[in-house]
Amino acid sequence: MKIYHGGTAIVKYPVVAAGRPQLDFGQGFYVTGIKSQAESWAQRMQQIRVIPGVVNVYDLDIDEVKKSFRYYRFDHYDNEWLQFIVANRIGRKDIKKYDVVEGGVANDRVVDTVEAYIANLMPLDMALHELAKHQPNNQICIANQKVIDECMVYVESYKI
């Protein structure tokens, strides 16, 4: 499976521990299966950091990941996805941990709903109603360094 990481640096050897904590799916190395999404993220980072955006391309042996590691996929913006996102964003330690998590991004289209729910400004039923209006895009959080070391191969990088 071809995956992409958008940013401002060439990353031949990703390090899971370098990822920020309290992101959507927890600390890890984030990639996507959608090339245009990685390019958009690289462009956004380019504007923030005022240095060229870079897209890193990798091959991920997703079959091996599913066979040998704890893999979980969220197919919808639903209650399960919302509760997992909230738990990670507020730093709860009691949530189930996975080696790889795949699912929708809490991006500009849905982040206001997530944040309103976290702040108790929106009840669960209303948040779920709002989330249901959107089709999830794709992010993959690799939270176990062994997945990168054993199942992922750097292919190339290119500037935006």
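Here are some friendly notes on the structure above, point by point.

1. **Ground rules.** This is a predicted model, in which local features need pLDDT of at least 70 and side-chain atom pairs count only at pLDDT 80 or more, while totals for chains, interfaces and linings use all residues. Residues are numbered from 1 along each chain as its sequence is written, and side-chain values use heavy atoms, with hydrogens and water left out.

2. Helices (H or I, at least four residues) and strands (E, at least two) are DSSP runs, numbered from the N terminus. Two strands pair if DSSP finds at least two bridges between them. To find your place in the pairing, look for His 5 opposite Asn 56 in β3, and for Asp 59 opposite Val 153 in β7.

3. **Leu 60.** Leu 60 is buried, at 2% relative accessibility. For a sense of scale, Leu 60 and Asp 94 are 34 residues apart in sequence and 29 Å apart in space, C-alpha to C-alpha.

4. **Salt bridges around Arg 73.** The structure holds 9 salt bridges, each a side-chain nitrogen of Lys or Arg within 4 Å of a carboxyl oxygen of Asp or Glu. Arg 73 forms one with Asp 75 (2.6 Å, N to O) and another with Glu 102, at 2.8 Å between the closest N and O atoms. Because Glu 102 lies in strand β5 (residues 100–103) and Arg 73 in strand β4 (residues 71–73), the second pair ties together parts that are 29 residues apart in sequence. Glu 102 is buried at 3%, whereas Arg 73 is partly exposed at 40% and Asp 75 is partly exposed at 45%.

5. **A salt bridge within a helix.** Glu 150 and Lys 146 form a salt bridge with their closest N and O atoms 3.8 Å apart. Both residues lie in helix α6 (residues 145–151), 4 residues apart, about one turn of the helix. Glu 150 is exposed at 53% relative accessibility, and Lys 146 is partly exposed at 45%.

6. **Aromatic pairs.** The whole structure has 9 aromatic pairs. Rings of Phe, Tyr and Trp (its six-membered ring) pair if their centres lie within 6.5 Å; planes under 30 degrees apart count as stacked, over 60 as edge-to-face and the rest as tilted. Phe 25 and Phe 74 are stacked, at 5.7 Å centre to centre and 20 degrees between the planes. This pair links loops 49 residues apart: Phe 25 is between β1 and β2 (29–31), and Phe 74 is between β4 and α3 (79–89). Phe 25 is buried at 5%, and Phe 74 is buried at 5%.

7. **The aromatic cluster.** Phe 25, Tyr 72, Phe 74, Phe 84 and Tyr 98 form one aromatic cluster.

Notes:
Buried means under 20% relative accessible area, exposed over 50%, partly exposed in between (1.4 Å probe, protein chains only).
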